[in-house]
Amino acid sequence: MRRLKKIYYFFLLLLVAEATAQTPRVISILAKPAADSLTVSVQLADIFSPKIVNTIRSGLPAVIRFDFRLLEEPDHELQQMTHSLRVLYDLWSDRYRLQFNQREQIAASFAEMEKLCTKIDTLRLMPRRRLVPQKMYRLRLQVAVIPISAKQDQQLRDWLEVAGDAEESTPGEDGAAGFRLNLNKLFSFLGGKKENPFGASEWAVSPPFRAQ
Amino acid sequence: MQLLITKKKFYWLLLPTLLVAQFLWAQEGQLIVEQVKILGLRKTNSQIVQRYLGFRAGDVLTPELIERNYQTLQATNFFKQVSFRSEPGSGRGKVIVIIEVEERRRPTFEFAGGYSELDGWYFSPLGVRYDNLFGSGHWLGLRLLWGDRVGGANLRFYQPNIFSSSANFQFDADILGRQLIHYFDQRQSIQKVNTAGMRFTLSGSRGIGKYLSGGLQFSETQPDSFATLVGKDSTFFTFPETIAKDLGRKKFRSAWLRVQADTRDNALFPTKGIWGALSFEAVGGEAKFNRTIFDGRVYQKLSVGVLAWRLKLAKTSEATPFYERFYLGGVNSLRSFDERRLTPVGYGTKLLLSNLEYRIPLEWDKQGKPRFIGVLFFDAGRINGLKEIIGDDTVKALGFGVRVKVPVLGLLRMDFAYPVKHSDDFHFYLTLGPLF
């Protein structure tokens, strides 16, 4: 009986740990066709885990990556779009710099910076003319916060890139050039397993909208 | 006088003050590594990870440096997961770098393919790598090889920094069946040569040692006693004396030394620098011969492109068996001729090959690396016995081509080559990887 209790508490602890592991949350996503483009407004919560806060406070950047998917009703994916917001704490001037879509904003405090990061207003996603007026669309979004460099969340893309590295030819061992395909990674990619060591939000979906 | 002494004292005091001020000023705006913490290691010694890191406590830290080190650790294949983060250190601008890793417990399976100058097209339908098995940072792999002129298996063990030194050790064991191309009376024929061998290599990674490598090799070779005429499906058993003398099983043992230098700015698309290697091999056993090979490459940016030149010089003894000699002609040798078409019967003992290319990047990828490259080239070469084949001592060829970077496969190379004389035919080649 005592052993059973121990096992019960162990699993309870596991559940609590899982529930408290902080990943970003998408509170709302609202897509709206504007005059010439499709815009989106996003509200986020819990974007900075303690690890990310420490990284930012140490003076190294963090990247908030917005991964959008445009769906045609009911569930046909049309396009993928990625936007990155880079947050950097300038230790020397005690200010936070936010770089998003080639624009820079300055925040005087952590709270102000967090507020700017959690509320994204009317972000232009794509030209409106690409949408067919009669059709219904939805927008999906996943948010990931990556410390220091977005490259840390691009393992598969990096791997595809370096797979092109050629072997150096050497005298005595006549030149060979070619490719290597890591089958473990290929299978995990095909199986839809995504390696994100820092956690990403659940996919959130906007209410349906028309281009008109 | 008193004033002068005071002034001197003042200057002596001012100097260290200025130095300290300059140091502090240099620190302003920079992040300095205070400590590196590595988490998640179960079997791997932290020194193994530190060996791959390009920074340590006291170094200036940038996101780009972290990016490079992240990629380096990923490339070791030791870890399933690598992530970098940081924490504020004990003072302003001081940073504690935290590296979290998840060690790989299972072997990785690979599929590989490509083009080799020696073996033509090849595929490795299955390769198994069990790197860092005992946590000592070694590489261990076994792969099967299958191609249009090769078949066999290779086992490789590589241990960097043996006994905590700057020397690296590598062991290779191979069982290979290679098909050599001969031209008898203008007709192409294929002869299989089977080899089994072991190779022990020592190389350095620091100081003068990084330019040197050397080793020992033990092998046994047996060529088939017959050759097959290509396209005729018929075999013949009567070889010229230069080949017939080397038929039968032979055992070899050899020692080799190589001096190598590399100052290229980029290994995949160099725009500046040199790569050069000079190797000498002394072979004993059932045949005694020496072999010297020089392979040098120079890269220089010129106007909109890069001028790249490769010169290969090779010489071996007359006693060298035909399957250890040199050949000329083909996509990775002298273009505008069929594979080994310029090779004399019994292969050559002296070789000169020059490839000059002008590479013009036409399109770049997001990382700023060339994705589409146009090339103009000029090849020249000579090998002893060439005059009997084409009536001339030297062969030259001109051509142009394109290189396209393809995901996974790497660089796809297309070349159109025209011989300057000796033939009116142009050759088209489609292959993988850069020539040099």
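## Model confidence

Chain B has an average pLDDT of 89, and 93% of its residues score at least 70; pLDDT is the predictor's confidence in each residue, from 0 to 100. This is a predicted model, in which local features need pLDDT of at least 70 and side-chain atom pairs count only at pLDDT 80 or more, while totals for chains, interfaces and linings use all residues. Residues are numbered from 1 along each chain as its sequence is written, and chains are lettered from A and ligands numbered from 1 in the order in which they are written. For the complex, the predictor gives an ipTM of 0.74 and a pTM of 0.74.

Within chain B, the mean pLDDT of the elements is lowest in helix α1 (residues 2-27), at 56, and highest in strand β11 (residues 212-223), at 97. Residues 22-26 of chain B stay under 50 and have 0 contacts beyond four places in sequence, a contact being two residues whose C-beta atoms, placed from the backbone, lie within 7 Å. Chain A averages a pLDDT of 79, with 71% of the residues at 70 or above. Its residues 14-20 stay under 50, again with 0 contacts beyond four places in sequence. Residues 161-173 of chain A are also below 50, but this stretch has 36 contacts in the model beyond near neighbours in sequence.

## Chain composition

Chain A contains 5 helices and 11 strands, and chain B contains 5 helices and 22 strands. Helices (H or I, at least four residues) and strands (E, at least two) are DSSP runs, numbered from the N terminus. Of the 212 residues of chain A, 26% count as buried; of the 436 residues of chain B, 30% do. A residue is buried if 20 or more other C-beta atoms lie within 10 Å of its own, exposed if 12 or fewer, and partly exposed in between, with C-beta atoms placed from the backbone.

Among contacts with a separation of 6 or more, residues 24 or more positions apart account for 65% in chain A and 49% in chain B. Chain B is divided into domain 1 (2-103) and domain 2 (160-432), with bounds from an automatic or database domain assignment. The centres of these two domains, taken over C-alpha atoms, are 44 Å apart. Along the principal axes, the C-alpha atoms of chain B fill a box of roughly 100 × 50 × 45 Å.

## Nonpolar cores

A nonpolar core is a set of buried Ala, Val, Leu, Ile, Met, Phe, Trp, Tyr and Cys residues joined through C-beta atoms within 7 Å. The largest has 32 residues, and those touching the most other members include A:Ala62, A:Val87 and A:Leu139. Several elements of chain A each supply at least two residues of this core, among them β1 (25-33), β4 (76-90) and β8 (136-147). The greatest contribution comes from β8(A), with 7 residues.

A second, separate core of 20 residues includes B:Ile243, B:Ile293, B:Ala314 and B:Ala397.

## Strand β20 of chain B

B:Ala397 also belongs to the covered face of strand β20 (residues 395-406) of chain B, together with residues including B:Gly399 and B:Gly401. The uncovered face includes B:Leu398, B:Phe400 and B:Val402. In a regular strand the side chains alternate between the two faces of the sheet.

Strand β19 (residues 370-383) of chain B pairs with β20(B) in the antiparallel sense over 10 bridges, where pairing requires at least two DSSP bridges between two strands. B:Gly401 is the bridge partner of B:Val375. β20(B) also pairs in the antiparallel sense with strand β21 (residues 410-419) of chain B, over 10 bridges, and B:Gly399 stands opposite B:Ala417 in β21(B). The hairpin formed by β20(B) and β21(B) has 3 residues between the strands, and B:Val408 in the turn has a positive phi of about 70°.
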